[in-house]
Amino acid sequence: MSGKNRCSVCGNHTDIVAKVISDPNILYCRNCRDEELRRLERNFNLMKFVCIRCGSTNVKKDDLRTGINEDVFNIKASTIDQVIAVYAVARLSCIDCKNIFHVNILDNGPRTF
Ligand SMILES: [Zn+2]
Ligand SMILES: [Zn+2]
C-alpha cells in the first residue's frame, strides 16, 4: 500500500500520514497533520487552569506534549495513524501550594452526524 492519496485539508495528492475515521474519512498529509497539532498547542496555551488542590489560578504549565493517537488507543501495524483523537498533555504546578498535576485534553474532531 503506497499511502498516497488526496489530503482532505489541502487537496494535494501526496503521502497520507493520518486518517480520521469518520464518514467520509478525513485524510491528512504531513503538513496538515502538523498544522492540526500546532493549532491544538496554540489553543491549549490559551486555556486557563486552576490548581485542583487549592483553587489558585497561580498555575504554571510546562512539559506540553501533543500527538495523535499514541497513549489513547493502540491501532497496530498501520502505515498511517488512524486518528481517533488528537491529544495534548501538560504538567501543571501550583505556585502557591506546590501541588503538581497533569491535564490530558483529547480533541475528537467535529461530530459528523
Ligand atoms: Zn494536506
Ligand atoms: Zn495549589
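1. Of the 113 residues of the chain, 18% count as buried, where buried stands for 20 or more other C-beta atoms within 10 Å of a residue's own, exposed for 12 or fewer, and partly exposed for what lies in between, with C-beta atoms placed from the backbone. The model is a predicted one, in which local features need pLDDT of at least 70 and side-chain atom pairs count only at pLDDT 80 or more, while totals for chains, interfaces and linings use all residues. Residues are numbered from 1 along each chain as its sequence is written, and chains are lettered from A and ligands numbered from 1 in the order in which they are written.

2. The secondary structure comes to one helix and seven strands, and from the N terminus on the elements run β-β-β-α-β-β-β-β; helices (H or I, at least four residues) and strands (E, at least two) are DSSP runs, numbered from the N terminus. Among the contacts in the chain with a separation of 6 or more, 44% are between residues 24 or more positions apart, a contact being a pair of residues whose C-beta atoms, placed from the backbone, lie within 7 Å.

3. Lys4 has Asp15 in β2 as its bridge partner, and in the hairpin of β1 and β2, which has six residues between the strands, Gly11 takes a positive phi near 85 degrees. Strand β2 is in turn joined to β3 by four bridges, again in the antiparallel sense, and Ala18 has Tyr28 in β3 as its bridge partner.

4. A sheet is also formed by three strands in the order β4-β6-β7, open and with antiparallel pairing. Because β4 (59-68) and β7 (100-107) each have a single partner strand, they stand at the edges, and one side of each is left without a neighbour in the sheet. Neighbouring strands of this sheet are turned by 20 degrees against each other on average, direction ignored; the axes behind this angle are lines fitted to C-alpha atoms, for helices over the stretch in contact, and angles run from 0 to 180 degrees between N-to-C directions. Strand β6 (residues 86-94) pairs with β7 over eight bridges, and Ala90 stands opposite Val103 in β7.

5. The largest nonpolar core has 14 residues, of which Cys7, Ile16, Val17, Tyr28 and Cys29 touch the most other members; such a core is a set of buried Ala, Val, Leu, Ile, Met, Phe, Trp, Tyr and Cys residues joined through C-beta atoms within 7 Å. Two or more residues of this core come from each of β2 (13-20), β3 (26-29), α1 (30-44) and β6, and β6 gives the most, with four residues.

6. Arg38, in helix α1, counts as exposed because 11 other C-beta atoms lie within 10 Å. Its C-alpha lies 9.9 Å from that of Gly67, although Arg38 and Gly67 are 29 residues apart in sequence.

7. Asp63, in strand β4, has a positive phi of about 55 degrees although it is not a glycine, and Asp63 counts as exposed because it has 10 C-beta neighbours inside 10 Å. Lys98, in the loop between β6 and β7, is a residue other than glycine with a positive phi near 70 degrees, and Lys98 also counts as exposed, with 10 C-beta neighbours inside 10 Å.

Notes. Two strands pair if DSSP finds at least two bridges between them. Two residues are in contact if their C-beta atoms, placed from the backbone, lie within 7 Å.
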